[in-house]
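Please report on this protein chain, working from its sequence and its coordinates. Keep it short, and give the cut-offs behind each term.

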Amino acid sequence: MRTAPTVSKRHLWIAMALTIAAAPAKAETIEVTIEKLVFSPASIEAKVGDTIEWVNKDVFAHTATVKGGWEVTIPPKKAASLTLKTAGSVDYFCRFHPNMKGRLTVTSP
């Protein structure tokens, strides 16, 4: 009759540490405030899978628009969000107020 091999506590700790280290990073929600016709912060760094949430404190609607890409409409005194799916850098602006500008840099996790 064969007995099962024994595993030392040290080997279990190593296995647990490797499992924790290999776990994917948790996605974050990054908040951008819109107030007095300004995106703040104007420049954002994020990872694929993160969510950008624009919080509009102004009394009129805004957008976060990428020319030839996506657009998020943010109603007055409300929030809207976008989950990032691809890496890259984009400049965005408000379609209603083109002087409002932001930059988003997305990296792979």
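## Basis of the model

This is a predicted model, in which local features need pLDDT of at least 70, side-chain atom pairs count only at pLDDT 80 or more, and totals for chains, interfaces and linings use all residues. Residues are numbered from 1 along each chain as its sequence is written, and side-chain values use heavy atoms, with hydrogens and water left out.

## Strands here are DSSP runs of E with at least two residues; helices are runs of H or I with at least four; both are numbered from the N terminus. Thr-65 counts as buried because its relative accessibility is 8%. Buried means under 20% relative accessible area, exposed over 50%, and partly exposed in between, with a 1.4 Å probe and protein chains only.

A polar contact of 2.7 Å also joins the side chains of Thr-65 and Glu-71. Such a contact is a pair of N or O atoms within 3.5 Å; within protein, one must be able to donate a hydrogen and the other to accept it, and residues adjacent in sequence count only if both atoms are side-chain atoms. Setting aside residues up to four places away in sequence, Thr-65 touches Trp-70, Glu-71, Asp-91, Tyr-92, Phe-93 and Arg-95. Contact means heavy atoms within 4.5 Å.

## Aromatic pairs

The whole structure holds four aromatic pairs. Rings of Phe, Tyr and Trp (its six-membered ring) pair if their centres lie within 6.5 Å; planes under 30 degrees apart are stacked, over 60 edge-to-face, and the rest tilted. Phe-39 and Tyr-92 have ring centres 4.9 Å apart and planes at 65°, so they are edge-to-face. This pair links distant parts of the chain: Phe-39 is in strand β2 (residues 39-40), Tyr-92 is in strand β8 (residues 88-93), and 53 residues separate them. Phe-39 and Tyr-92 are both buried.

Trp-54 and Tyr-92 are also edge-to-face, because their ring centres are 5.8 Å apart and their planes stand at 75°. Trp-54 sits in strand β4 (residues 51-56), 38 residues from Tyr-92 in β8. Trp-54 is buried, as is Tyr-92. Through ring pairs, Phe-39, Trp-54, Trp-70 and Tyr-92 form a cluster.

## Nonpolar core

How many residues does the largest nonpolar core have? It has 19, and those with the most contacts inside it are Phe-39, Ile-52, Trp-54, Tyr-92 and Leu-104. A nonpolar core is a set of buried Ala, Val, Leu, Ile, Met, Phe, Trp, Tyr and Cys residues joined through side-chain atoms within 4.5 Å. β1, β3, β4, β6 and β9 (101-107) each supply at least two residues of this core. β1 gives the most, with three.

Leu-104 is in contact with Ile-44, Ala-46, Ile-52, Trp-70, Leu-84, Gly-88, Ser-89, Val-90 and Tyr-92, leaving aside its neighbours within four places in sequence.

## Strand β9

The covered face of β9 holds Gly-102, Leu-104 and Val-106. Its uncovered face holds Lys-101, Arg-103, Thr-105 and Thr-107. β9 pairs with β3 in the parallel sense over five bridges, and with β8 in the antiparallel sense over six bridges. Two strands pair if DSSP finds at least two bridges between them. Thr-105 in β9 stands opposite Glu-45. Thr-105 is also the bridge partner of Ser-89.

## Backbone exceptions

Most residues other than glycine have a negative phi, and most peptide bonds are trans. Ser-40 and Pro-41 are joined by a cis peptide bond, with omega about 0°. Pro-41 is in the loop between β2 and β3 (43-47).

Lys-36 is not a glycine, yet has a positive phi of about 55°. Lys-36 lies in the loop between β1 (29-34) and β2, and is exposed, with a relative accessible area of 70%. Lys-77 also has a positive phi, near 60°. Lys-77 lies in the loop between β6 (71-74) and β7 (79-83), and counts as exposed at 56% relative accessibility.

## The chain as a whole

The protein chain has one helix and nine strands. From the N terminus on, the elements run α-β-β-β-β-β-β-β-β-β. Of the 109 residues, 28% are buried. Among contacts between residues at least 6 apart in sequence, 47% join residues at least 24 apart.

The chain exposes about 7,700 Å², and carbon and sulfur atoms supply 59% of it. Accessible areas come from the Shrake-Rupley method with a 1.4 Å probe; for residues, only the protein chains shown count as cover.
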